[in-house]
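Notebook open. I wanted to look up charged side chains first, then a surface patch and a loop.

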Amino acid sequence: LQNAELGKRAPRWIRDNEVTMCMKCKEPFNALTRRRHHCRACGHVVCWKCSDYKAHLEYDGNKLNKVCKDCYHVITGCTDSEEKKKKGILEIESAEVSGNSVICSFLQYMEKSKPWQKAWCVIPKQEALVLYMYGAPQDVKALATIPLLGYAVDDTPRSADLPHSFKLTQSKSVHSFAADNEELKQKWLKVIHLAVKGETSECQNELQVNL
């Protein structure tokens, strides 16, 4: 669509399987970068960060819709300098949260039917109800976060290959994890069982595990 038509006509949606990376910032999509999102104005497939904008779209009865940064600027006329510069939730450095965490270690992670991959997982003390996932302990940006409140915990192993696995489920959202040993799995479950109920424990200070 031409700039003048943005928001006035429904766009043609680019299909998810036609792209492997965000069409705005070119970050590759992978199991940890969360879902692909569509800009409701231009139809492009973008990552969560590039779709974190909302604008009133004429073709949808002027309702607020998720749009990409470029369309947001065109439709609203706002420029970057007018936007509030805020540190995104994922922009917290791993070393910063790992050094002050309830628990942190490597875990195997799987989302839906994608392959297992290793992730550095951290539950920070200042946000004891959120699980941060990093590619490595020194990464400056988290790949994903899971707000644990309300998740159901299933600690039955999925397969003989990964005997120390557990699952977090909430409606259609399923996250599978596997620890290297049973002791580590139980430490994670102890913290997670509290977090899903919205509780943090005083004993979490002694629970701190840094592996």
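I began with the salt bridge between the side chains of Arg 9 and Glu 5, 3.3 Å from N to O. For this I took a salt bridge as a side-chain nitrogen of Lys or Arg within 4 Å of a carboxyl oxygen of Asp or Glu. The model is a predicted one: local features need pLDDT of at least 70, side-chain atom pairs count only at pLDDT 80 or more, and totals for chains, interfaces and linings use all residues. Residues are numbered from 1 along each chain as its sequence is written, and side-chain values use heavy atoms, with hydrogens and water left out.

Next I checked accessibility. I used the Shrake-Rupley method with a 1.4 Å probe, and for residues only the protein chains shown count as cover. Buried is under 20% relative accessible area, exposed is over 50%, and partly exposed is in between. Arg 9 is partly exposed at 44%. Glu 5 is partly exposed too, at 28%.

How many salt bridges does the structure hold? I noted seven.

I then looked up Lys 24 and Asp 70. Their side chains form a salt bridge at 3.4 Å, N to O. Lys 24 sits in the segment before β1 (37-38) and Asp 70 in helix α1 (residues 69-76), so the pair ties together parts 46 residues apart in sequence. Helices (H or I, at least four residues) and strands (E, at least two) are DSSP runs, numbered from the N terminus. Lys 24 is partly exposed at 24%, and Asp 70 is partly exposed at 43%.

Asp 60 pairs with Lys 63 in another salt bridge, with the closest N and O atoms 3.8 Å apart. Asp 60 is partly exposed at 26%.

Then the patch. Which residues gather in a patch of positive charge on the surface? I listed Arg 35, Lys 54, Lys 66 and Lys 112. Patch members have over 30% relative accessible area and no salt bridge; like charges are joined within 9 Å, nonpolar side chains (Val, Leu, Ile, Met, Phe, Trp, Tyr) within 5 Å. I placed Lys 54 in strand β3 (residues 53-57). Lys 54 is exposed, at 52%.

Last entry: Val 140. I found Val 140 in the loop between β7 (130-134) and β8 (144-147). Val 140 is exposed at 52% relative accessibility. What does Val 140 touch, leaving out residues up to four places away in sequence? I noted Leu 90, Glu 91, Ile 92 and Glu 93, with contact meaning heavy atoms within 4.5 Å. The C-alpha atoms of Val 140 and Glu 93 are 4.1 Å apart, though 47 residues separate the two along the chain.

Terms used: Lys and Arg count as positive and Asp and Glu as negative; His and the chain ends are not counted. The place of a charge is taken as NZ of Lys, CZ of Arg, CG of Asp or CD of Glu. Buried means under 20% relative accessible area, exposed over 50%, partly exposed in between (1.4 Å probe, protein chains only).
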